[in-house]
Amino acid sequence: MSIPSNIRTVPPEELEEQKAYASRVREHYARRLGGRAPLACVRTFGCQQNVSDSEHMKGLLAGMGFSFTDDPEEADFILFNTCAVREHAVDRVFGNVGALKAVKRRRPETLIAVCGCMVQQEHVAQKLKESYPFVGLVFGTHVLHRLPELLFEALGSRRQLQSIPNMDGVIAEGLPVRRDGGFKAWLPIMYGCNNFCTYCIVPYVRGRERSRDPERILEEARELVAEGYKEITLLGQNVNSYGKGEAHGVDFPELLRRINAIEGDFLIRFMTSHPKDATPELFDTIAACEKVSRHFHLPFQSGSSRILGLMNRGYTREQYLALIDYARRAVPDIAFTSDVIVGFPGETREDFEETLSLVRQVKFVSLFTFIFSPRKGTPAARMPDPIPAEEKSAWFKELTDTQEELAAERLAGMVGQRRRALIESRENGYIEARLADNIVVRLPDAGIPLGEYAEVEITEAKSWILIGRLAAQ
């Protein structure tokens, strides 16, 4: 099965046309600013895929002559790339966009844009049109590659320009990228989602699953390694279904093997995995590939098979635990993290108890825990939800307290180990390094450059971080 006809690959001539629009934007600002480079402020909300999208939009902006600032007060162009996964994220964006009204009043020539998952929803786009008229440009997730054209048109418009096509998505190869980090890189391998979990808005705003060509992915991975990147994170809404139905026949385990074969000293991470598509072959591949991280993020969402059915997750509690068991036999040093939703509509205390027992049984390194947030347009938003918010909050605290105890036990068991770690940051005489299983170690600053690997000895365990020192050579 090839890419469906309603998912298209953007042709090279369309991308070339965007370069012409980029030149027009450069000319516009050259005339208006008298030779000063225009400044863009890009703010990203949400997941790693949004961060990657923003890096590509920064690449496009750089091609239009922009320099960058973190201060919206001095920016000529302000772009908010938004998230729609939880209500809190949407409210936060609206609050931040509202604050820009004062900026627009002081600097009327500043162009403000809002894009991404949040605005792909019709009711959000309508609210931006009616209540935030000072926003000049609003565009959805499927037209990112057309940013030069959209920006140019918005500069000449007195009204809010919106471009939010309702479609299943595109693949746009060859976009420029301006990466935020010097030694850690995001590498998208696929876009969209076909799973339609009943609580999740992502398939509606990101479109259907579509996988990039493996040769383009490998080419980009080789470039990253040649440029000195030490950690490459493969991105997709469900990386385990990469290549499904594609003529090239490369699935996710095979893609990992091919990237692992690239010469160089680097670590491969990936996210996010869906349990229903995680296979024994995947864990066998991780065991055989020395460059693939032993950290595995595998969201289980609920420990109750009944609730998993209501969520349309496609697996049971027993299947999830069997997968964990196989993984630990195949990869003994594997470390799991996960996502959990508390208070899903219809959840009972008995269901919640099953979540607690699963957490105790698996002993995750860490959990990302959320109280259920209804998203307009999803089936779960229409389900009866009789559990009071106070009770959900009490369950949430019980879950986080349990996880903290388990995590502290795990960290305490690591004292005395020698491990390889990537030096990520330094501050106030200390550096922080990250182990392959995604745990952070803080140690005295010995002058090792950021982005280098070092052997560390773990000397102490705090509740959420390890303390260590450089290991004697």
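**An open sheet and the cysteines**

Colleague: In strand 15, which residue is the bridge partner of His-295?

Modeller: Please keep in mind that this is a predicted model. Strand 14 and strand 15, the latter made of residues 335-342, run parallel and are joined by three bridges. Within that pairing, the partner that His-295 finds in strand 15 is Ala-335.

Colleague: Which strands are the edge strands of the open sheet?

Modeller: The open sheet is formed by three strands with parallel pairing, and their order is 14-15-16. An edge strand here pairs on one side only, and this holds for strand 14 (295-297) and strand 16 (366-371). Neighbouring strands of the sheet are turned against each other by 15 degrees on average, direction ignored. The edge strands are therefore, given that two strands pair if at least two bridges are found between them, strand 14 and strand 16.

Colleague: At what angle to strand 16 does helix 13 run?

Modeller: Helix 13, which covers residues 389-412, lies across strand 15 and strand 16. Taken between N-to-C directions, on a scale that runs from 0 to 180 degrees, its angle to strand 16 is about 175 degrees.

Colleague: How many disulfides does the structure hold?

Modeller: A disulfide requires two cysteine sulfur atoms within 2.5 Å. Cys-115, buried at 2% relative accessibility, has its closest cysteine sulfur in Cys-117, at 9.2 Å, which is too far for a bond. Cys-193, buried at 8% relative accessibility, has its closest cysteine sulfur in Cys-200, at 6.3 Å, and this is also too far for a bond. For the structure, the number of disulfides is zero.

Terms used
Residues are numbered from 1 along each chain as its sequence is written. This is a predicted model: local features need pLDDT of at least 70, side-chain atom pairs count only at pLDDT 80 or more; totals for chains, interfaces and linings use all residues. Side-chain values use heavy atoms; hydrogens and water are left out. Helices (H or I, at least four residues) and strands (E, at least two) are DSSP runs, numbered from the N terminus. Contact means heavy atoms within 4.5 Å. Buried means under 20% relative accessible area, exposed over 50%, partly exposed in between (1.4 Å probe, protein chains only).
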